[in-house]
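I opened my notebook for a friendly look through this model. Here is what I looked up, entry by entry.

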Amino acid sequence: MAENREFDLILFGATGFVGKLTAEYLRDAAPVEVRIGLAGRSLDKLTKVRADLGAAAANWGLVVADSGDQDALDAMAARTKVVVTTVGPYLRYGMPLVAACAKAGTHYADLTGEPLFIRDAIDAQHDAAVASGAKIVNSCGFDSIPSDLSVYQLYRATVADNTGELTDTTLIASMKGGFSGGTIDSGRAMMEAIAQDSAKASVMMHPYSLSPDKSMDPDVGRQSDQALERASNIDPSLDGWVSTFIMAAHNTKIVRRTNGLLGWPYGKNFRYREVMNAGKSAAAPLVAAGVAGALVATMAVGSVLSRAEAGRKLLDRVLPKPGTGPSEKARDSGWFTMKTYASTTSGAKYVATFAGKGDPGYKATAVLLGESGLCLALDTGTQPELAGVLTPAAAMGDALTERLRAAGMTIEVQRT
């Protein structure tokens, strides 16, 4: 990647809700010498965002670019070491920027939870990014950094302890907070894409649809993202119930892609899934069943409605709008704790904890994305030497882990 760039990092989508939160985080967390630019469609809106950030951002550059203007995106990518983008749904708006960064040798980080977009990016731009040295890093928010780094650090612990390869591994998610309007809009974009091309459904359903090498996919039997069971089935020390986790279908694909990108170090018997903590009360089984059923029903209804214009208009009226979000008080009151339980081929057992403060889809995601951008810009000497369309762990590994710990997040592994 060329080092002689005007900016270290450009934040694209800086005038949106999550974009503004990320800009605020960068203002507070980035070293003063880091050269940051704010990018978006409107110079007036960018100017206001910069002014609202205060004196610390007074010298940040402003870059006007539209997600549909390839020439403007090419010019923007050529000016910076890293582009961090919050402009989604990425399936609709993201590919031109990926192409620009892959061509220019510019590192890239996004917030996508869209397997269809990542599969398209791999097919269209992975080779170009490898050739230019660009790290195109998808899913650098709550989806899917806690999942990806938790398993990566479990693997690192097994290597340090010489306890063999990972086998059955399950993440249990607990949180307070919601999913952003952008996340919901991304789900709509994928349903609409499948409605237009039913073959794309296989990307959503197959556990290894983001695999870098189909011939190397492990044969470990069925791995389902649907769950309704006692937590003790995962680890005897646990009580209560678990249910389906809405982002499991995406996060698990990211974790498996990391395993493939790194040369399958987690092992050929690595089985991975994610579930949601449903609590311990007498009503927990009903809650768990309701969550699992609601998710299936929502996907089914959304898929049907996405097939017709009238259905899409109805969804427009009832779903949260992208670019909106909760109050500052609500964002501050949120939290998340991800516990990942793992066994190894030697019989050793581990639990990884990844926890953070702030609404997962907003405040915590701004930290995760902001630190990913800074890591790509500043920590080049301590990252894995990989390029192409990557995952957070495969692209940044220990370097990002240490950054997030320094930012106040808990990331630890214990042998049990």
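**Confidence first**

I checked pLDDT, the predictor's confidence in each residue from 0 to 100. Helices here are DSSP runs of H or I with at least four residues, strands are runs of E with at least two, and both are numbered from the N terminus. Over residues 299-306 the pLDDT is below 50, and this stretch has 14 contacts in the model beyond near neighbours in sequence, a contact being heavy atoms within 4.5 Å. I noted that where pLDDT is low, the predicted coordinates should not be read in detail. The chain's mean pLDDT is 90, with 88% of its residues at 70 or more.

**Ground rules**

This is a predicted model, so local features need pLDDT of at least 70 and side-chain atom pairs count only at 80 or more, while totals for chains, interfaces and linings use all residues. Residues are numbered from 1 along each chain as its sequence is written, and side-chain values use heavy atoms, leaving out hydrogens and water.

**The sheet**

I then traced an open sheet of 7 strands, in the order β3-β2-β1-β4-β5-β6-β13, with parallel pairing; two strands pair if DSSP finds at least two bridges between them. The edge strands, β3 (61-64) and β13 (388-390), each pair on one side only. I also looked at β1 (residues 7-12), which 4 bridges join to the parallel β2 (residues 36-40). Phe-12 has Ala-39 in β2 as its bridge partner.
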